[in-house]
Structure formats: structure tokens, C-alpha cells
Amino acid sequence: QIGSWVGSSVVHLGDHNVPNAHFFIDKYTQVPRILNPVVAVLDELPKVAARDPAIRDYIEGSFDSVEGCRKLIMADFCRHAFDGSGADNFFDAGSCIDGRLTSAWQWCSKLEKKVY
């Protein structure tokens with residue numbers, strides 16, 4: 001069992017958040033813009049650590065291993081980037097792509113404060 005649903009139970013389509021199908025499709029085209037940088041970091045982290053002993057030492061000292069750092073980034077992203085936290089209120093967060101995008105942008109805006 002994985003627990004309970006995270007986020008509101010609202011799906012927006014035809015309201016002020018997603019007034020028509022064009023907005024809905026456009027929101028889905030934003031997903032790669034959010035995920036690609038995260039995936040690039042996860043892919044490059046082992047390579048950078050292998051190339052630079054100082055970075056490897058930092059990663060191993062702070063996160064035990066490159067894999068530990070990668071798991072921390074993925075867990076943090078999955079925990080917070082889809083929770084509806086970026087919306088003005090919980091109703092507007094919704095369960096659809098609109099709510100997830102606002103959460104993901106909110107997560108991205110806090111990256112400089114993360115330990116990784």
C-alpha cells in the first residue's frame with residue numbers, strides 16, 4: 001500500500017486555470033522544460049564526480065555516495081514537485097497538470113536553498 005493521495009481532488013478544464021483545450025495542451029508541453037534539467041543533473045552527476053576528485057569528495061562526504069545524492073534529489077523532487085504547493089490556494093492547485101506545474105516551478109524556485 002502506498003498511502004493516500006497527495007494534492008487536491010480537483011481537475012481543472014474549462015475554468016479560469018485551464019479555460020480551453022489549447023491551454024491544457026500547452027501546459028503539457030512545459031513538462032520536458034521542467035524535467036530535462038533535473039534528468040541532466042541526475043545523468044551528469046556520476047560523470048562529474050568521476051572527473052573531479054574534489055567534487056567526488058564533497059558528494060561522498062555530504063551524501064555518502066553519488067547514488068545517495070541522486071536518490072535525495074529524486075525523492076525531494078517527487079515529494080514536493082507534485083504536491084500542489086505552487087498554487088495560490090489548494091483548490092486552484094488541482095490534481096491535473098496545472099497543479100503539478102505550479103508545484104514543480106515552486107520546487108525549482110527553491111533549488112538554491114537545497115543542500116545538493
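Which residues line the largest pocket? Let's start there. One word first: this is a predicted model.

The lining has Arg 33, Ile 34, Pro 37, Val 38 and Val 41. Then come Ile 73, Trp 105, Trp 107 and Cys 108. Leu 111, Lys 114 and Tyr 116 complete the list. Two elements each give two or more residues to that lining: H2 and helix H6, which covers 97-109. H2 gives the most, with five residues. What classes of residue make up the lining? Ten are nonpolar, two are charged, and no polar residue takes part. The space in this pocket is about 170 Å³.

Now the overall layout. The protein chain has six helices and zero strands. Along the sequence, the pattern reads α-α-α-α-α-α. There are 116 residues in the chain, and 33% of them are buried.

Back to H2, but to its surface. Leu 35 sits in this helix, which runs over residues 31-51. Together with Val 39 and Phe 82, Leu 35 forms a nonpolar patch on the surface. The three share about 220 Å² of accessible area. Is Leu 35 buried or partly exposed? Leu 35 counts as partly exposed, because its relative accessibility is 31%.

Next, the charged pairs. In general, side chains of opposite charge can pair when their charged atoms come close. How many salt bridges are there in this model? The count comes to four. I'll walk through some of them.

Stay in H2 for a moment. The side chains of Lys 47 and Glu 44 meet in a salt bridge, 3.3 Å from N to O. These two are three residues apart in the helix, so about one helical turn separates Lys 47 from Glu 44. Lys 47 has 45% relative accessibility, so it counts as partly exposed. Glu 44 is at 35%, so it also counts as partly exposed.

Move on to helix H4. Glu 67 forms a salt bridge with Arg 70. Their closest N and O atoms are 3.2 Å apart. Glu 67 and Arg 70 are three residues apart in H4, which means about one helical turn between them. Glu 67 is partly exposed, because its relative accessibility is 38%. Arg 70 is buried, because its relative accessible area is 19%; the cut-off for buried is under 20%.

Here is another pair. Lys 114 forms a salt bridge with Asp 76, and the closest N and O atoms are 2.8 Å apart. This pair links distant parts of the chain. Lys 114 lies in the segment after H6, Asp 76 lies in helix H4, and they are 38 residues apart. At 23% relative accessibility, Lys 114 counts as partly exposed. Asp 76 is at 10%, so it counts as buried.

Last stop, a backbone detail. Most residues other than glycine have a negative phi. Where does Asp 64 lie? Look at the loop between helix H3 (53-63) and helix H4 (66-80). Asp 64 counts as exposed, because its relative accessibility is 68%.

To recap: six helices and zero strands, a largest pocket to which H2 gives the most lining residues, and four salt bridges.

Methods: Residues numbered from 1 in each chain as written. Predicted model: local features only at pLDDT ≥ 70, side-chain atom pairs only at ≥ 80, totals over all residues. Heavy atoms only, no water. Patch = residues over 30% accessible without salt bridge, like charges linked within 9 Å, V, L, I, M, F, W, Y side chains within 5 Å. Areas by Shrake-Rupley, 256 points an atom, 1.4 Å probe, with all protein chains shown as cover. Helix = DSSP H or I, 4+ residues; strand = E, 2+ residues; numbered from the N terminus. Buried < 20%, exposed > 50% of the residue type's maximum accessible area, 1.4 Å probe, protein only. 1 Å grid on protein atoms, 1.4 Å probe; cavity = no way out; pocket = protein on both sides within 12 Å on 5 of 7 lines; lining within 4 Å. Points joined across faces, edges and corners; volume = space filled by probe spheres on them. Nonpolar A, V, L, I, M, F, W, Y, C, P; charged D, E, K, R; others polar.
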